[in-house]
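Good morning, and thank you for coming. I would like to walk you through one structure, beginning with a single residue and widening the view from there.

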Amino acid sequence: MPVEGGSSSGSASAARHPKQKRKAHSLSIRRTNSTEERPLGVQRGDMLEGQDSKLPLSLRNNLLDLFGQIEREFENLYIENLELRREIDSLNERLTGDGQTIEGGDPTKGALKTKASHSTSQLSQKLKTTYKASTSKIVSSFKATAGSRALCQLLKEYVGHRDGIWDLSITRTQPVVLGTASADHSALLWSIETGKCLLRYAGHAGSVNSIKFHPTEQMALTASGDQTAHIWRYMVQLPAPQPPPDVSAPCDDDQDSSDREEGEVDGEGPCEVPTVRLATATLKSHQGVVIAADWLVGGRQVVTASWDRAANLYEVETSELVHTLTGHDQELTHCCTHPSQRLVVTSSRDTTFRLWDFRDPSIHSVNVFQGHTDTVTSAVFTVGDNVVSGSDDRTVKVWDLKNMRSPIATIRTDSAVNRISVSANQRIIALPHDNRQVRLFDMSGVRLARLPRSNRMGHRRMVCCTAWNEENQSCNLFTCGFDRQAIGWNINIPALLQEK
């Protein structure tokens, strides 16, 4: 969870939300386990000190540990293989003995042989299935099918922030650029094609927790830990496009076992870029961290969500507070507006999210959704009449606005879900996880793919947010994480749906 104020990295670590403490705890468990196996790695490293190799010792030890795990896995398979073969031999011997005692025309002999053959066949099949299933988990980590390589292709990495990136968004006007909001107190605008930083906004005194762009004008809305939301104008000029990199990777469902160090990101900060320091409007009515903000349809009003348990509705032109939306029992975590109607949804740590209806100026109705058992990290609208909610309870639920009693689909995952997004055209849900994975699902809850993650690509710490950019058949997905980088992916939607 984004944090309030303070220095770039130090205060973010010290004042991090309780959710971050759970993440730190999980990391400490991983490091403890690796420490227990360290003597073996060190010993192997010592054995190779005399060999001629240009690899760093730490990398060599890591490789040796990985191959050691593979060796132990095959050893376990070999032992199980031997046990199954002994069981087969024992059964054959017993059947042979039974056949000798019933020689002499026993009418059950044929049935006994049939039963023996069936039992032996079952054991043989079990042996083959066990071996194939176990080895496939290892082999699939190194080898990808050629057919899946076209599903997800790395587009660009956007490196330049000096702390974790909480949120990202795509402009809805030309030129189309990527915006990122970071705990380093800044928001950056990027060229999607080249990965070059175009502009820096440095008007906040705290962590920038979200960024959203005006639907028709070159204006951005940012929310911050300094208890304010800022509206600011930008002007950027896109650089000349560069040839796309020849880097592709499969979308698969196999767990990656990368243990690359998580603290640092390759590359240096952005070069000198134009910096905006003054906001066009500052919204100051909250008494706590402003965690998220969004534009209502038309762009004349904005809504903000805060840790003071309230959401505020403002007039953009006058910065006047129009409504204060209260009712949540704990801190808010997110807010989102409908793309074509005056509807707002707010999420909270109280395990609920609320739908606020401003379509009738005289009546501001509210509906409470109670379907999660832990913090609702985000809830977003789709182009239709659906809301998709994600939670720390490791589930994502799809709701129908016309029938809010129960979800129409539930997605169960193995890790907490952060700020989700739904593609407008194909209605594909992108789930960013605490465990560094990003998974794609359809609206019925069917898993379509997992973005690749390895030493070469993907996030090295938790993934905080996803955002879609769709242009005809080309569809780009952008992700950001607490490893200080954002990543762009090209998703082959037709191939993805065909695989489904």
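**Salt bridges and their surroundings**

Arg359 counts as partly exposed, at 48% relative accessibility. On this scale, buried means under 20% relative accessible area, exposed means over 50%, and partly exposed lies in between, with a 1.4 Å probe and protein chains only. The side chain of Arg359 meets that of Asp357 in a salt bridge (2.7 Å, N to O); the term stands for a side-chain nitrogen of Lys or Arg within 4 Å of a carboxyl oxygen of Asp or Glu. Asp357, at 14% relative accessibility, counts as buried.

Before I continue, a word on the source. This is a predicted model, in which local features need pLDDT of at least 70 and side-chain atom pairs count only at pLDDT 80 or more, while totals for chains, interfaces and linings use all residues. Residues are numbered from 1 along each chain as its sequence is written, and side-chain values use heavy atoms, with hydrogens and water left out.

A second salt bridge joins the side chains of Asp385 and Lys402 (3.7 Å, N to O). Asp385 lies in the loop between strand S19 (376-381) and strand S20 (386-391), and Lys402 in the loop between strand S21 (395-400) and S22, so the pair ties together parts that are 17 residues apart in sequence. Helices (H or I, at least four residues) and strands (E, at least two) are DSSP runs, numbered from the N terminus. Asp385 is partly exposed at 30%, whereas Lys402 is exposed, with a relative accessible area of 70%. Elsewhere, salt bridges that share partners join Asp167, Lys212 and Arg419 into one network.

Asp167 is buried at 2% relative accessibility, and Arg419 is buried at 7%. In total, the structure holds seven salt bridges.

**Two buried threonines**

Let us turn to Thr479, in strand S28 (residues 474-481). Is Thr479 buried or exposed? At 0% relative accessibility, it counts as buried. Its side chain makes a polar contact of 2.8 Å with that of His459. A polar contact is a pair of N or O atoms within 3.5 Å; within protein, one must be able to donate a hydrogen and the other to accept it, and residues adjacent in sequence count only if both atoms are side-chain atoms. Not counting residues up to four places away in sequence, Thr479 touches several others, among them Leu168, Val438, Cys465 and Trp489; contact here means heavy atoms within 4.5 Å.

The other threonine, Thr352, lies in the loop between strand S16 (343-348) and strand S17 (353-360). Thr352 is buried as well, with a relative accessible area of 7%. A polar contact of 2.7 Å joins its side chain to that of Asp350. Beyond four places in sequence, the contacts of Thr352 include His328, Phe369 and Val376.

**Backbone exceptions**

Most residues other than glycine have a negative phi, and most peptide bonds are trans. Arg309, however, has a positive phi near 75°. Arg309 sits in the loop between strand S12 (301-306) and strand S13 (311-315) and is partly exposed at 43%. Arg436 also has a positive phi, of about 80°. Its place is the loop between strand S24 (429-432) and strand S25 (438-441), and it is buried at 12%. Finally, a cis peptide bond, with omega about -5°, joins Gln174 and Pro175; Pro175 lies in the loop between strand S2 (165-170) and strand S3 (177-182).

**The chain as a whole**

The chain has six helices and 29 strands. Of its 500 residues, 49% count as buried. The average pLDDT, the predictor's confidence in each residue from 0 to 100, is 81, and 72% of the residues score at least 70. Over residues 6-45, pLDDT stays under 50, as it does over residues 101-115, for which the model has five contacts beyond four places in sequence. Where pLDDT is low, the predicted coordinates should not be read in detail.
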